[in-house]
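Dear colleague,

Please find the structure below. My notes on its side-chain contacts follow.

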Amino acid sequence: MALKNLWEQERSQRLQITAERRQQVNQWKQLTKQELQLQADLLHQDLSNFVTNLHNNRKLQQQQFQQEIAERELEILQLKTDVWQRQQEYRQERAAKAQTLFQDLQNFRALLHDSVWGDSSNGQAVSPTPAEKEKLVATVPKLAISRSAIKATGFRPSVNTITKKVPALNGDAVKSRVLQYIQQAEGATLIEIEEVIGLSRVQTIDILRSSIKQGLLEQRDRQYFVRQQAIS
């Protein structure tokens, strides 16, 4: 009986120790589970905050980027407007300068024409009537000037001939000399007329143009001839 009681007592102690250990294990499990749950909640909260902050930052950066794009577009539009305005101002300035240059050229031509021909022509070539044409050509004196002789002298005028440098005469007198030379030489070039008559290039061209417009001369192969209609 004593052994049986001893064995039961030891068995009871062992059961009690086992129960205590089980209770400790359960407590440890409970604490561990709570700690893990707490850590999981903390991690979940941190992750949620991180995702929220990331989303907010992304949204803020996107707004800033869109705002920068809008500002760049406004700057580009302003630059385009400035360029267009400058182009318009440049075109207006060019047009004004061109108009001024054209007006200056017209004034210069008028002054040149007045200084060469006087104020009677007013810068315009008046086309004479057929009777005036016949009178102008008929009144030209006949001088014995051969084309071959003129070319042989190299178009250098002598002192006592028509090739002398003409003084400042009126337009009709100079034109008569040119027509008379072309008629006697049976045609002449611009250089020949310029050298023989002793005129400047501007005077010679002006006389030839006005004579062609008036029907007194005609041009063929860089040579000028008196029109037969004007002679007849």
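Arg220 is partly exposed, with a relative accessible area of 41% (buried means under 20%, exposed over 50%, partly exposed in between; 1.4 Å probe, protein chains only). The model is predicted: local features need pLDDT of at least 70, side-chain atom pairs count only at pLDDT 80 or more, and totals for chains, interfaces and linings use all residues. Residues are numbered from 1 along each chain as its sequence is written, and side-chain values use heavy atoms, with hydrogens and water left out.

Arg220 forms a salt bridge with Glu218, with the closest N and O atoms 2.4 Å apart (a side-chain nitrogen of Lys or Arg within 4 Å of a carboxyl oxygen of Asp or Glu). Glu218 is itself partly exposed, at 24% relative accessibility. A network of salt bridges links Glu218, Arg220 and Arg227. Arg220 also lies over the face of Phe225, 4.1 Å from the ring centre (NZ of Lys or CZ of Arg within 6 Å of the ring centre and within 35 degrees of the ring normal).

The whole structure holds four salt bridges. One of them joins Glu194 and Arg201 at 2.6 Å, N to O. Glu194 counts as buried because its relative accessibility is 17%, whereas Arg201 is partly exposed at 41%. Glu194 is found in helix 5, residues 190-198 (helices are DSSP runs of H or I, at least four residues, numbered from the N terminus).

Glu75 and Arg72 form a further salt bridge, the closest N and O atoms being 4.0 Å apart. Both lie in helix 1, three residues apart, about one turn of the helix.

Yours sincerely

Technical notes:
Helix = DSSP H or I, 4+ residues; strand = E, 2+ residues; numbered from the N terminus.
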